[in-house]
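User: I'd like to go through the labels on this model and see what stands behind each one. Can you take me through them?

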Amino acid sequence: MTVFIEIEQVDKVFTLADGGEYIALENIGLTIRKGEFVSLIGHSGCGKSTLLNIVAGLDMPTNGSVILAGQPVVEPGPDRMVVFQNYSLLPWLTVRENIALAVDEVYADKSKQERNAIVEEHIALVGLKAAADSRPEQLSGGMKQRVAIARALAIRPQLLLLDEPFGALDALTRGSLQEQLMAICEESRLTCLMVTHDVDEALLLSDRIVMLSNGPSSGIDQILEVPFARPRHRLEVVNDPGYYSLRSEMIYFLNKQKRIKQLRARAPVARHGLEKINLQIGFVPLTACAPLAIAQEKGFFARHGLEEVRLVREGNWRAISDGIAGGWFDAAQMPAGMPLWFSLGGANEKPLPVATALTTTRNGNAITLARRFLKEDIFSLESFADYLKRTPDLRHTLGVVHPSSMHNLLLRYWLAAGGIHPDRDVDLRTIPPAQMVANLRAGNIDGFCVGEPWNIRAAVEQIGFTVATDLEIWLGHPAKVLGVREDWLVAHPNTHLALIKALLEACRFCAEEANAEEVRAILRDPRYLDTDPAYVQLGDDDPTSCRIGDNYRPYAHHEFFGPGLNRPSRTEQLWILTQLARWGTVPFPRNWVEILERVCRVNAFSTAARELGLDVNYRRGPIELFDRLPFDADDPIGYLGRLTIKNEVYIADVAL
Ligand SMILES: Nc1ncnc2c1ncn2[C@@H]1O[C@H](COP(=O)(O)OP(=O)(O)OP(=O)(O)O)[C@@H](O)[C@H]1O
């Protein structure tokens, strides 16, 4: 399909009554192909109608241009017709006369007979023959909108612009009009640009959905391709396996925009020598969020002057990374690899320096497989690898939670140690932690690697079984860290120290066996983990492992506090770095020493720990995983070279 519309670097600035300015749109760039159906979606006031009006020629951009079929758009024209939500019919004219008015104007060179034929054809097209002599007041909303569509189509525009055309109609009428519009567009190969608030409408009608971020200075946040075959039928579309993932992508986007509005609304408050005491800290509901929950509920934040901390519960790590990248979180609980992943451009190919000065938990992960594998005598890495070799025609999908999480890195390491290439021999799919068990139950995945309580829950509920835990993979590995953007850290050094101190005290509280019941009770609150506390393993008699219910598999304890446990480790971060580079997620930086210094803020940890009177001189031993392959922290590139199963490794200078 050829390019039909080019929207080039369009800005729209409105002059306000008080003389000020409002930047509605900034740097919008979009091309639309001939015959394509594109929808614009976004929150109220984000500039959808403004953009539509600019394409229609009803308004002009402040900067940039719109080119339609090679010609700049400078005014409205008959090649573009707009259908508005409020129909815009002339009340004193009948259906036939409303349509004829437009036809007579555009086709003045045709005979009266030809013009009448066009009018009648379009009245029939939208099924309004019986109402052709009625005036708008005698029509229902759906009928009026059909007149508006017929009027728009009758002049054979090259481009149909629709501004929430079905917004005011009841669900039944809306559904039937959507189907009629789809049929007409497919028949006439019309190009359409539609503004809508309706996620399902956009998915049914569009080839692409353009999601606009909130204003001021709205821009294109993301463009979704809608791949369903045409002609489309509503039932087939909603039953397509891809429908719900596209739908949740849109809902996620719209919710994110709503949250950004709320979260940005808080002005910083400085007090007690701290640059900011009203913090928003993101977390994902896992047993590992205990230190944050405890710091809040037991008053550790407040004790260190952080009097207005708001913990923001997110369903997945992507929302955490969006919150940090967008700057509406001050800090977040993160998977151990996320600060490096950000700093090396994992989020959007542009390095965003993110630092950590505190490891909040170790352990707490496991690998679960669906129970049906037990019937095939699969109970270990070796038997799983054997099974995959025996059944090369079967594809297996395993869930991980984020590219930078230890679950992803440990699962990949475990598979590769068994001779399984994680990107060739199986499919890895990113799924939010709390949705792992449901996806395993539904058969969408064959297994997963995730933090607790989800492995234990899958085992206790007999949906899956734990095939490997931290005890077998890497006992004591870092799991979650406190992450902050480097620019935030530089602007809030005292607040950062207070935050580390509050969380270190909370970590100590979580680690004391006597507090286990209280921590469990706090975690069961819907604001935190919201799960049966029986699945939360804390405070077992055995210092290294625990057994839950009648599930006799030992699990490693979450470790929250102890000598050298919370101090960020450059060696561990270097191991993470080699694994991220091994799988091609980020380049391996030639300047890795500098990168590790920027990411791993050992000094900030030491200052905080010293101020709390804690010993800071402990060092962790060398890293050794279950396969006993030595990790050479002095020669990480040599170590990467010795790994046989890997993707292409890129080595590059990374400028932070
Ligand atoms: N003439 C104007 N003068 C000043 N501001 C304007 C003008 N027209 C629109 N705006 C502002 O520009 C922004 C974008 O408005 P627009 O109507 O395009 O949003 P929208 O996404 O279509 O909203 P909705 O979904 O509510 O219809 C809004 O904040 C609006 O207040």
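Analyst: A residue is near a molecule or strand if its C-beta atom, placed from the backbone, lies within 6 Å of it. Around the ligand there are 13 residues, and Phe14, Ser44, Lys48, Ser49 and Thr50 come nearest. This is a predicted model, where local features need pLDDT of at least 70 and side-chain atom pairs count only at pLDDT 80 or more, while totals for chains, interfaces and linings use all residues. Residues are numbered from 1 along each chain as its sequence is written.

User: Which element gives the most to the shell around the ligand?

Analyst: That's α1, with 3 residues. Helices are DSSP runs of H or I with at least four residues, strands are E runs of at least two, and both are numbered from the N terminus.

User: Why is one side of β2 and of β5 left without a neighbour in the sheet?

Analyst: The open sheet has 4 strands in the order β2-β1-β4-β5, with antiparallel pairing. β2 (21-33) and β5 (71-72) stand at its edges with a single partner strand each, so one side of each has no neighbour in the sheet.

User: What makes β1 and β2 a pair?

Analyst: Two strands pair if DSSP finds at least two bridges between them. β1 (residues 3-15) and β2 have 9 bridges, in the antiparallel sense, so by that definition they pair.

User: How many residues of α11 are buried?

Analyst: 7 of its 10. Buried means 20 or more other C-beta atoms within 10 Å of the residue's own, with C-beta atoms placed from the backbone (12 or fewer is exposed, in between is partly exposed). Trp317 and Ile320 are among the buried ones.
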